[in-house]
Amino acid sequence: MSSAYLLTYNEAVIRVNARFDRSQTSVIKRTALDAFDEGEQEWLTLTDALVWSHRMQRAIVIPQWFVTDLASIPWYARWLIEVNGKHRYAALPHDLLYCSRQLGIDVTREMADLVLLDACEALGVSSWKRKAMYAAVVAAGGSRWDRGFKEVFVPTNLRDKYRLAHRELLECKEGVLNA
């Protein structure tokens, strides 16, 4: 990770933090997602995403091109917690914070797990489901925390492919809205 990128990221976080009232508990700006690696079930953010963390008293900016596995629900638990539920976007700040050492962000694993719990609540995930997810990441998230993510951002040589796909998606949506 280049130091220039980290500086830009930290500047963006500072600018975003200045816009929020510290008493807010739930501000979420969603992102467009696209599959990055089907075999690994990884996704990438096509636009920036934003989550206000009341607990951390700061905005968490999930930058464009961030690679995430979203909510990693093991196959044996999918009958109880679906893969594509409301909690999907809550996984973004959690995954970003789990890359904290790779990105130069000073945060503990405990804080990252609590941010997941808070984001699930802000998104309207039921109490029992968010508590089950929180318990699961506390119990089993240690190996991911220790190793981080294979790729934190999509390599620059692949970005044009996703830009084109995202542009086509937006044009398709505009065509439907204007019809």
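Predicted model: local features only at pLDDT ≥ 70, side-chain atom pairs only at ≥ 80, totals over all residues.
The protein chain has 7 helices and 6 strands. Along the sequence, these elements follow the pattern α-β-β-β-β-β-β-α-α-α-α-α-α. The chain comprises 179 residues, of which 43% count as buried. Among its contacts between residues at least 6 apart in sequence, 64% join residues at least 24 apart.

**Helices α2 and α4**

- Two packed helices are described by the angle between their axes and the distance between the axes.
- The axes of helix α2 (residues 91-98) and helix α4 come within 8 Å, and they cross at roughly 170°.
- Because angles over 145 degrees count as roughly antiparallel, α2 and α4 are roughly antiparallel to each other.
- On the α2 side, the contact is made by Ala91, Pro93, His94, Leu97 and Tyr98.
- On the α4 side, the contributing residues are Arg109, Ala112, Asp113, Val115, Leu116 and Ala119.
- By residue class, the contact of α2 with α4 divides into 8 nonpolar, 1 polar and 2 charged residues.
- Helix α2 is mostly covered, since 8 of its 8 residues are buried.
- These buried residues of α2 are Ala91, Leu92, Pro93, His94, Asp95, Leu96, Leu97 and Tyr98.

**Aspartate 113**

- Aspartate 113 belongs to helix α4, which spans residues 109-122.
- Its relative accessibility is 2%, so aspartate 113 counts as buried.
- The side chain of aspartate 113 is joined to the side chain of histidine 94 by a polar contact of 2.8 Å.
- Leaving aside residues up to four places away in sequence, aspartate 113 touches His94, Tyr98, Tyr134, Val137 and Val138.

**Arginine 109**

- Arginine 109 is also part of helix α4.
- The relative accessible area of arginine 109 is 18%, and therefore this residue is buried.
- A polar contact of 3.1 Å links the side chain of arginine 109 with the side chain of tyrosine 98.
- Not counting residues up to four places away in sequence, arginine 109 touches Tyr98, Val137, Val138, Ala139, Gly141, Gly142 and Trp145.

**Aromatic pairs**

- The structure holds 2 aromatic pairs.
- One of them is formed by phenylalanine 66 and phenylalanine 153; this pair is edge-to-face, with 6.1 Å from centre to centre and 70° between the planes.
- This pair links distant parts of the chain, as its residues are 87 residues apart.
- Phenylalanine 66 lies in the loop between β5 (58-62) and β6 (67-68), while phenylalanine 153 lies in the loop between α6 (142-147) and α7 (159-178).
- Both phenylalanine 66 and phenylalanine 153 are buried.
- Tyrosine 98 and tryptophan 145 form an aromatic pair that is edge-to-face, with 5.2 Å from centre to centre and 80° between the planes.
- This pair also links distant parts of the chain: tyrosine 98 is in helix α2 and tryptophan 145 is in helix α6, 47 residues apart.
- Tyrosine 98 is buried, and tryptophan 145 is buried as well.

**Loop residues with a positive phi**

- Glutamine 57 has a phi near 55°, which is a positive value in a residue other than glycine.
- Glutamine 57 is located in the loop between β4 (49-53) and β5.
- With a relative accessible area of 29%, glutamine 57 is partly exposed.
- Tryptophan 65 has a positive phi of about 80°, although it is not a glycine.
- The loop between β5 and β6 contains tryptophan 65.
- Tryptophan 65 has 5% relative accessibility and so counts as buried.

**Serine 72**

- Serine 72 lies in the loop between β6 and α2.
- Its relative accessibility is 51%, and serine 72 therefore counts as exposed.
- Serine 72 and glutamate 42 are 30 residues apart in sequence, and their C-alpha atoms are 9.8 Å apart in space.

Terms used
Residues numbered from 1 in each chain as written. Heavy atoms only, no water. Helix = DSSP H or I, 4+ residues; strand = E, 2+ residues; numbered from the N terminus. Buried < 20%, exposed > 50% of the residue type's maximum accessible area, 1.4 Å probe, protein only. Polar contact = N/O pair within 3.5 Å; in protein donor to acceptor, adjacent residues only side chain to side chain. Contact = heavy atoms within 4.5 Å. Axes fitted to C-alpha atoms, helices over the stretch in contact; angles between N-to-C directions. Parallel < 35°, antiparallel > 145°, perpendicular 65-115°, else oblique. Nonpolar A, V, L, I, M, F, W, Y, C, P; charged D, E, K, R; others polar. Phe/Tyr/Trp six-rings, centres within 6.5 Å; stacked < 30°, edge-to-face > 60°.
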